[in-house]
Amino acid sequence: MTRRFGTLRRLPSGRWQASYTGPDRRRHSAPSTFDDRADGELWLARVRRRIELDGWQPPEDRRQQAAVPTVGEYVRTVIDRRATRSRRPLRPSTVDLYRRLVRLTMGALEHVRLDSLTPAMVADWYANLDPDAPTQRGNAYELLRSVLADAVEDGLIAANPAHLRGAGKPARARQVEALTVDEMVAYLAAADPRYRPMLALAGWCGLRSGEVRALRRRDLDLERGEVHIRQNVTKTYRDGRRQWIIGPPKTAAGRRTVAIPPAVIPMLKQWARGRLGAPDDLLFPAAGGEPMDDSALRAAHKRAAGAIGRGSLTVHDLRRTAATLAAEGGATTAELMRLLGHTTVGVAMLYQVPEHARDRARAEALSRRIEQAGG
């Protein structure tokens, strides 16, 4: 958009870039982009005021030695900026994850000047990340790639040197699993009664661990046979002390209501009998009323999974169990997305675990239809 003084334009990222023509008849851009248009307006107003007061000087070249940060410095600057930006700031747990990734993976790139970074250096750095930690490796690359995209917008580098194909989507480190109905029943029978309702909601209804542990008493409606997912709990650390963050799901789709299988209701009612509390109290609190730590739920799960000979099963595989059983029951793609709180078809499909017996039954059923048609 053209202005009386200077120009503001919105970038694909949603941030704003401000520039102006100085008394030297050259075009100059702000040293960084802005979260809001108003911030860009204010910067241009200040520059114009300096020009009017004859206090303007040509800005120094941002690419000179003293002005260009190292990769490590700039990554931390961008993380801090994203954590405090006015629109959609990062969650504290995400900030902690990013800072941990920087600490564990930045390594050889930490002290490299941003404008000296090359595609070959990025490729070499990625190749030397721990191959036994594919998720961390992929997350570290995606963080670096997105930060370098910011550096392009900030005018610090001309092009993004991180463009390794497939680096941000590593292959799975393990084969995902799901339980059959019979296995799920046996698994819950082997589970500690204190944790059985939580594990049942994860396996039958597809709730995440953080969603189960954030449930309030009012979220479980056993008369209507529904569970309302309105919150998620995450853990972060400040000054070495643990802090719990209970907030809304990451996306609007994550806020949902899921029907509980009627056969599961009696078990939940029996568990709830005699457990009194206010509607806003946590449904599954730890001692002192705090949210239950994920490690406690994982330990209970591990004991139950080991008891049925499925020691490699993870808590998250219970969510895949719910998705797979729903698909086998004829759920449409839209219904699967709603069940899991997903916003994309691709992610919902990833949560289904194909069963060989199910595929064989499909092929046999198709064969009967072919025979009936005279094929």
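Among contacts in the chain between residues at least 6 apart in sequence, what percentage join residues at least 24 apart? In this predicted model, the share is 63%. The chain itself has 375 residues, and 42% of them are buried. Its secondary structure comprises 14 helices and eight strands.

Three strands make up an open sheet, arranged in the order β1-β2-β3 with antiparallel pairing. Strands β1 (7-10) and β3 (27-29) stand at the edges; each has a single partner strand, so one side of each is left without a neighbour in the sheet. From one strand to the next, the twist averages 25°. Strand β2 covers residues 16-21 and runs antiparallel to β1, to which four bridges join it.

Aromatic rings come next. A pair of such rings is described by how far apart the centres lie and by the angle between the planes. The count for this model comes to five aromatic pairs. One of them joins Tyr20 and Trp43 in a tilted arrangement, with 5.8 Å from centre to centre and 55° between the planes. Here the pair links distant parts of the chain, as Tyr20 belongs to strand β2 and Trp43 to helix α1, 23 residues apart. Tyr20 has a relative accessibility of 4% and therefore counts as buried. Trp43 is also buried, at a relative accessible area of 19%, which falls under the 20% cut-off for that label. Both residues belong to one aromatic cluster formed by Phe5, Tyr20, Phe34 and Trp43.

Trp271 sits in helix α9 (residues 265-272), while Phe284 is in the loop between α9 and α10 (294-307), so the pair ties together parts 13 residues apart in sequence. Trp271 counts as buried at 11% relative accessibility, and Phe284 counts as buried at 4%.

Finally, a charged residue also meets a ring: Arg137 lies over the face of Tyr126, 4.2 Å from the ring centre.

How values were computed. Residues numbered from 1 in each chain as written. Predicted model: local features only at pLDDT ≥ 70, side-chain atom pairs only at ≥ 80, totals over all residues. Heavy atoms only, no water. Pairing = 2+ DSSP bridges. Helix = DSSP H or I, 4+ residues; strand = E, 2+ residues; numbered from the N terminus. Axes fitted to C-alpha atoms, helices over the stretch in contact; angles between N-to-C directions. Buried < 20%, exposed > 50% of the residue type's maximum accessible area, 1.4 Å probe, protein only. Contact = heavy atoms within 4.5 Å. Phe/Tyr/Trp six-rings, centres within 6.5 Å; stacked < 30°, edge-to-face > 60°. Lys NZ or Arg CZ within 6 Å of the ring centre and 35° of its normal.
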